[in-house]
Amino acid sequence: MIKKVKQPCLLQMDLFMHFPVLICDDSNLARRMVMRSLPSDWNAEIIMAENGLEAMQVLMTRHISLMFLDLTMPEMDGIEVLREIKKHKIETFVIVVSGDIQPQMQERVQQLGALSFIKKPIDYAKLERILLDYGLYNLGQTAAFS
C-alpha cells in the first residue's frame, strides 16, 4: 500500500546516506531516549543540545535535516526556538517531544512550524507513523525501529 506524503520532503534522502539530526532537551536521559528511538538503519549524525540556545547555535551554523525539540528548557525554551527558526527561515523538520500535552500547546507548536508533537516518553509507533507520513522514512522498506 502506498501512503500519501502530507508535505513535500525537504530531505530527498537515501536512508543509507548520512544526514544530521539534532536532539535538543535539557535532560541527558531524554536525549538518549530519543536517540534510541530512531530507526536502526539510519546513518544519521546525531548532534545533542542541552537547551534552545545551544540548538540555535547549531542551526545557525549548519544544515540540520531533522530536529527533536523539548519545550521546557533553560536558556531558551522550545517555543522560543520555534519562533527563531521561523524568523530566520531555517529549513528543518521539527518534531516536538514534550511532557506538556495540553491541546493548546500542541496547536501552538504546530502553528509555529513544528511537524508534529510526541508525548514523553516517546511512543515508537507514533514516531514511526510520523516519519512514514512525512516521507522521512523509506515507504518501500520495513521500518527498522528500535
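Which side chains meet in a salt bridge at 3.4 Å, N to O? They are those of Lys120 and Asp70. The model is predicted; local features need pLDDT of at least 70, side-chain atom pairs count only at pLDDT 80 or more, and totals for chains, interfaces and linings use all residues. Residues are numbered from 1 along each chain as its sequence is written, and side-chain values use heavy atoms, with hydrogens and water left out.

**View 1. Asp25, Asp70 and Lys120 form a network of salt bridges.** A salt bridge is a side-chain nitrogen of Lys or Arg within 4 Å of a carboxyl oxygen of Asp or Glu. Lys120 also meets Asp25 (2.7 Å, N to O). That pair links the S5–H5 loop with the S1–H1 loop, 95 residues apart. Helices (H or I, at least four residues) and strands (E, at least two) are DSSP runs, numbered from the N terminus. Asp25 is buried at 4% relative accessibility, and Asp70 is buried at 5%. Lys120 is partly exposed at 22%. Buried means under 20% relative accessible area, exposed over 50%, partly exposed in between (1.4 Å probe, protein chains only).

**View 2. Arg62 and Glu45 meet in a salt bridge.** The N to O distance is 2.8 Å. Arg62 sits in the loop between H2 and S3, and Glu45 in strand S2, so the pair ties together parts 17 residues apart in sequence. Arg62 is partly exposed, with a relative accessible area of 33%. Glu45 is partly exposed at 25%.

**View 3. Glu50 lies in the loop between strand S2 (44–49) and helix H2 (52–61).** Glu50 is partly exposed, with a relative accessible area of 44%.
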